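Please find below a note for a colleague who is new to this structure. The points follow the display of the sequence and the model.

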Amino acid sequence: MSRFYYYLIIINMVANIIASVPAILLHYHNDGAIISMLLSIAAGVLLVTLYTKFFLKYPGKTLPELLEKTTSKWFYLPFVFVLAVLWFVAGLITLITFTFLLIRYLSPEMPIILICLTLILSVIFGCILKTDRVMYTVEMIMIITSPLILFIFLKAYTSNSLNWDFVREAALYINQVPNWHSFSACFFLFLGAANLFIFNRFFTDKQKFGFRQIMFIVLISIGTLFTSYFIPIGFNGFEGINDLVYPWISTTDSIRMDYFIIERVLFMFLLFYLGIAFLSILIHWYAAVEFLKFTFKLEKIKYKDKVIGIFLPLPIFVAISLYFVTVLTEYQLFQYSSYFYDVLVFIFPGMILLFTYINRRMKNEESSPEN
Amino acid sequence: MSSEENIKWINEQFKDTNELTMKTLEDEDKKAELFYIKPLIDVELLQQIVIKPYFEMQSETKYIRYLKALPQFQDSKSPEQLKTEVLNGNVVLFIQNKFYLLDLKFSFNDQTNTASVETTIHGSQLALSDNIATNINIIRSDYHQPTLYVEYSTIGQVNNHKLAIIYDKEKVNKNALNIITEKLQQVDKQVITSTVQLSNYINNKKYSLFPQLIMTERPDRIVYNLAGGKVILLVDGNPQALIAPVYFFDFMTSMEDNYHSFYISFFLKFLRYTGLFISLLLPGLYIGITSFAPEVFRTELALTIAGSRIGVPFSSFVEVLFMLFFMEMLLEASIRLPKTISATATTVGGLILGTAVTEASLASDIMVIIVSAVAISTFVIPINEMAFTIRVIRFFFILAATLLGLAGLTLALYALIMYLVSIDSFGEPYLKFNEKKTSKTKAGEEI
Amino acid sequence: MKSLPRKIKGTILLFVVLGSVLLSGCAFKDIDKSVFVAMIALDVSDDEEKPYKVTLKLYEPTGSFNEATEPQYSYLSENGETLSEAIRMMESYSDKELEFGHSKLIILGEELVKDNKNKEILDFLLRRPDIQMISWIAVGRPNAEEIIKMIPQGESAAYPELFNYFDSNGTTTPYIVTTHLFEFRRNIKESGIDSVLPIIEINQEDQHFEVNKSLLLALNKEPLELDSLDTSIYNMLSRSVKHANLLIKEEGDHFIANIDTVKSKYNVNIKNKSEIQLDINISLYGSVAESHKPMKNKDLPKYNEELKKESEEKFKEFITKMKKNGYDPLGFGIDYKAKVLHNRRMSDEEWMEAYKKAKVNLTVKPGIKSTGSIQ
């Protein structure tokens, strides 16, 4: 399976390690979080497998193209528009979370609009690139930032201050009823495969997706969830974990690099994580712009022979993001992201029905020209 | 055409230059006329192979056959071609109402140079010369493949230089070749004296920041790139060749890598990339740390920086800009210094940029160290074009760090990577990890 | 604007950009306009209405560390009803911005700790994002202000000496307990483990610090002071330190064992629903550092036996002392919680009862390898 496919999945998982997902999980730490995590791994891997197998049948085609062939215009135009909104909101959540993080820990005196604008300006140009260029950017930046992030995780695991007793204590809360919110938060981590709706355009060769690949995804997801949930508990104690607003930030602040020029691991972590967040926002907003391009046929809008239609969604994105950044509080951000994840748990498995429909229609179309 | 008309026509073409020499060779029953431009001709060779045999051979037909057998003989296809060829150092022979061309050009500039811009420790120090024929000679001697194909054309409407497009017909990247030939035909500038000007025009982008073609003077680099399927452009009168299409990583490879064992070249490559990052990011990092987030670094380091900034009247980014401008001016001036003044300049530069500035508290000690580190690491990059580009981009990073702090600097780096990935060099993506690692491609395209 | 030739538009743009750069504002603060806080000292003040007294020690950077012989610091002190109020007032006393990002040591006065205001102090220290969670926290005797105001002999301008006591780069002795802020918070909030803070004292005549005792803090209990021997035993048991010295006085032999490797394992052995046993296994490997009599190499087994007996006695005494009043610095409580499912556990009171009555099963494995350079 092409390595770019794994990048899509990994970015979605890793980018949410320090965002709202662990905060939601740890909020329910003594109320069914563990069992929800296990359930979500099962459900998530199932979803990833089904999505990938579906898209492997149609190499190089995106979901809007498939919909155009098999369903009527009244269905797919509003549907694709809804998808665009969903992807935009996903990127927006990451953007606002990161803006809050930056303003809290890195530069408290900067006006929040300026920080948000910085993030937006660096990503916005990427939304109008071609698909393969976006994937190469993802690869390049992942190669630069991931070794350092892995190093920080390694340092966390081998630190003396990590008390494994707390981890074991947390793990023993396994015999509780699963919790809906924690399930949906973990489930969101697996929705990186949904990026295939647009990025399937890039995978034009036949790929293999068998047992080994599925196992690999299971391993990655277990590792990510384990790190995301248990490491903050090991450093910060089990009972008090609920008080921390950003559990992972407090955790990296508890690691000390004795012999390096940066002592507080927090800053290194924040700046390199900025790269992963950048990629996550880029992927989500790129997909949103592509969906919008499809819905409104933006390539056809021309002014003096220059295609300006593709630039139209960009100022709208900027304006909406700036508005929400100034209006939301942290609590509202967590609440709304929690609701958003809850909604997604219904929508994405529901798409599997849509896929079976498309499969049937495509098979009919293949067999009918033969007649 | 009759002979008088022809002679009149030739004189008509060249009436504005007063150097066209007309020589008449007359013998008992044969007559021939020579037209040439004297400064271009090798006069001795002319006497030896044209004039002497003329008087030694009895019949004109035999002489004409002899002429056609000469290696310097060229086919004359049209009257316009005559004009260009005379300007190229050919001799026009007019015998029995027919024109014959002989290439008797005397070149002064056919000595090969030694590599001065791209030097290595090992390997040949040979560089291309100014003469296109010598260059093709060198290239062909290094690349013994029958598939090596050389296409000639001319460029520049006013000065009509010869242009050669060289590629290996089997291995070449056909897409890029088509784009290049297409773009070359669209170039209609009047005066093109150098390959670099050519590169600016075929790019079609007046404002491109990153070089789209590598300019090199070393034949071994040319040969490696030929084996990798690249297209080489040579212009007469220029010791630099252009290589297209190009990848970002090509700029960071030096021919030195091929003369060392694996671990040493790996270490050298690592050094170069570290140098690249240092020269791009260090001034911006200094601004970000001192002015936006001083708590990022260790306490001891922060105290040292704070201590060394005592008494400096400027804020950090003015200090950085001031020192960097000085360094850039010094670098620029040192290119043009006559050899007699160069020693003075070194002293002046060293004194100004060194101790005096810190003693007068115009800049901090740390700033001097940063500027020297940046200067040295900029020139670790093997290809000079990229070093110039880095020098310009560094200022963008300083701008980003000044306005937006450390987060702005990091995001500017990511945005730059995204920009690099999005530009094309003749149809090939500029920044990309190449997966195909056959032995042939490894030679030409560094990964 | 459209009619202007391109060059003029370009130049105008260039000047606009340059101007915005040179005139930029927003969060740009030069490093010489901010002063770094080195240590924070929290005390009880004499004022009834403003019970907290905050003292800050500020760095004054010097231009060259080679020339500066004595480090320069300045101090700010203020009373306040809350800690944040005191700090806000102090910001108005200094001409530069106070930067807390480099403050690595927080000292609490002894009186303040005894007043049991730990929760408020922790709240303040943790809520601010710019105070490092890896800063060290300690107790100052007699009060924190005196501690941070003292500059000991031999301190260099580069780094305050007090940091080196807790840094693993500096001295490593078994008498110093190192506690980070996040550990302090974690241990205070959890009910299965109690926090230990080092006590810093001043030796006025010799102008140096003495850090060899510690204070054991538990929720809803009086703080218990551990003397030097107890502190070193605690460090050895909790695997925080590798080197220690033990004095053995048995059967006529009087020697000091220099331990250079300590391996300790402790856990809770659950006998039945309300009875537990504490199992502690500790291995001490080392050599003899000093002795009153000559020691023979072939008598090493005998010396090992003596070491075993003496150290078992001493360690057992320490653990029993802890248990008697329900203090749990080693964390047996969380060890228990890590072994039993949460709905089958004893409640906190039941645990405390069982802990106080638990049997202590302590074994020491001695491993003196040699008698040193002489016999």
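1. In chain B, strand 10 and strand 12 (residues 241–244) pair in the antiparallel sense over three bridges; pairing requires at least two bridges found by DSSP. B:Thr216 stands opposite B:Ala241 in strand 12 of chain B. Helices (H or I, at least four residues) and strands (E, at least two) are DSSP runs numbered from the N terminus.

2. The model is predicted: local features need pLDDT of at least 70, side-chain atom pairs count only at pLDDT 80 or more, and totals for chains, interfaces and linings use all residues. Residues are numbered from 1 along each chain as its sequence is written, and chains are lettered from A and ligands numbered from 1 in the order in which they are written.

3. The strand order 8-9-11-12-10 describes an open sheet of five strands in chain B, with antiparallel pairing. Its edge strands, each pairing on one side only, are strand 8 (148–155) and strand 10 (214–216) of chain B. On average, neighbouring strands of this sheet are turned by 25° against each other, direction ignored.

4. Helix 5 (residues 132–142) of chain B lies across strand 8, strand 9 (161–168) and strand 11 (231–235) of chain B, and runs at about 10° to strand 9 of chain B. Axes here are lines fitted to C-alpha atoms, for helices over the stretch in contact, and angles run from 0 to 180 degrees between N-to-C directions.

5. Between chain B and chain C, 21 residues of chain B are in contact with 21 residues of chain C (C-beta atoms, placed from the backbone, within 7 Å). Helix 10 of chain B gives the most to the side of chain B that touches chain C, namely eight residues. That side divides into nine nonpolar, nine polar and three charged residues (nonpolar: Ala, Val, Leu, Ile, Met, Phe, Trp, Tyr, Cys and Pro; charged: Asp, Glu, Lys and Arg; polar: the others, Gly among them).

6. Is helix 10 of chain B mostly covered or mostly uncovered? Helix 10 of chain B is mostly covered, with eight of its ten residues buried (20 or more other C-beta atoms within 10 Å of the residue's own, C-beta atoms being placed from the backbone). Among the buried residues are B:Leu303, B:Ile305 and B:Gly307. The buried residues of helix 10 of chain B pack against helix 9 and helix 13 (365–378) of chain B, together with strand 1 (34–44) and strand 2 (52–59) of chain C.

Technical notes: Two residues are in contact if their C-beta atoms, placed from the backbone, lie within 7 Å. A residue is buried if 20 or more other C-beta atoms lie within 10 Å of its own, exposed if 12 or fewer, and partly exposed in between; C-beta atoms are placed from the backbone.
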